[in-house]
Amino acid sequence: MNKILPLFLLITFFTDFNSEKNQFIARQGQVSFFSYASVENIEAQNNQVLSILDITNKKIAVSMLMRAFVFKKDLMYEHFNESYIESDIYPKATFEGDILDFDASLNKQTKIVRGKLTIHGITKEIDIKTTIEKINNQYKLTGEYNVFVKDFDIKIPPILAGNIAKMITIKFSFQYQSYEE
């Protein structure tokens, strides 16, 4: 049930869903983040990210469960989910956006994806520089962007402020295949 609901929500995002093979899905996309800190760097990976790409409408939607991030240390996982992201209250992050000036005839292009990122219950408009590759009628999207912790109302106790960066670098990679496969 937990995996069906995000998929249903992503599918309903695309109202003009047809059978022309212009919709693609990445069931195991990858998102990672890195936080530089003077005491210890914090990084984690999530390989269970769901994304749908609609070439006709030049849209993308992404959904990921926050508890699926894997950390090097269990204590980091615990603090991330309980103290900062509050995964019990805000279990997922989402992104819905438009690919600006997308040209389906090109095999490789770098475009801006403009959309709304929701983390920790807060939604912000962002632009993400994204590399789009078309390989054998499948697509791969990669990129990275930065977010500020304060923009998503994530509270950091003053005593720990030096241990957590104010800006987090997020990287992503999605391998899409035809939705019908």
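## An exposed aspartate and its partner

Aspartate 88 has a relative accessibility of 65%, so this residue counts as exposed. The structure described here is a predicted model. Aspartate 88 forms a salt bridge with arginine 67, and the closest N and O atoms of the two are 2.8 Å apart. This pair connects distant parts of the chain, with 21 residues separating its members. Aspartate 88 sits in the loop between helix 2 (74–84) and strand 5, whereas arginine 67 sits in the loop between strand 3 and strand 4 (70–71). Arginine 67 has a relative accessibility of 35% and therefore counts as partly exposed.

Over the whole structure, a search finds seven salt bridges. One of them joins aspartate 98 to lysine 59, with 2.8 Å between the closest N and O atoms. These two residues lie 39 residues apart and link distant parts of the chain: aspartate 98 belongs to strand 5 (residues 92–99) and lysine 59 to strand 3 (residues 59–65). Aspartate 98 is partly exposed, with a relative accessible area of 32%. Lysine 59, at 26% relative accessibility, is also partly exposed.

Another salt bridge is formed by aspartate 127 and arginine 114, whose closest N and O atoms are 2.8 Å apart. The link again spans distant parts of the chain, from aspartate 127 in strand 7 (residues 122–135) to arginine 114 in strand 6 (residues 108–119), 13 residues apart. Aspartate 127 has 42% relative accessibility and so counts as partly exposed. Arginine 114 counts as partly exposed as well, at 40% relative accessibility.

Strand 3 is mostly covered, since five of its seven residues are buried, that is, under 20% relative accessible area. Lysine 59, which lies in strand 3, is partly exposed at 26%.

Strand 3 runs antiparallel to strand 2 (residues 42–54), and five bridges join the two. Within this pairing, serine 51 stands opposite valine 62 of strand 3. Strand 2 and strand 3 form a hairpin with four residues between the strands, where lysine 58 takes a positive phi near 60 degrees.

Strand 3 also runs antiparallel to strand 5, and seven bridges join these strands. Which residue of strand 5 is the bridge partner of lysine 59? The partner is aspartate 98.

## The largest pocket

How much space lies in the largest pocket? The volume is about 680 Å³. The pocket is lined by 30 residues, of which Phe33, Ile42, Phe80, Tyr84 and Ile164 are the closest to its centre.

Several elements contribute to this lining. Strand 1 (23–35), helix 2, strand 6, strand 8 (138–148) and strand 9 (167–178) each provide at least two residues. Helix 2 supplies the largest share, five residues.

Definitions and conventions
Residues numbered from 1 in each chain as written. Predicted model: local features only at pLDDT ≥ 70, side-chain atom pairs only at ≥ 80, totals over all residues. Heavy atoms only, no water. Salt bridge = Lys/Arg side-chain N within 4 Å of Asp/Glu carboxyl O. Buried < 20%, exposed > 50% of the residue type's maximum accessible area, 1.4 Å probe, protein only. Pairing = 2+ DSSP bridges. 1 Å grid on protein atoms, 1.4 Å probe; cavity = no way out; pocket = protein on both sides within 12 Å on 5 of 7 lines; lining within 4 Å. Points joined across faces, edges and corners; volume = space filled by probe spheres on them.
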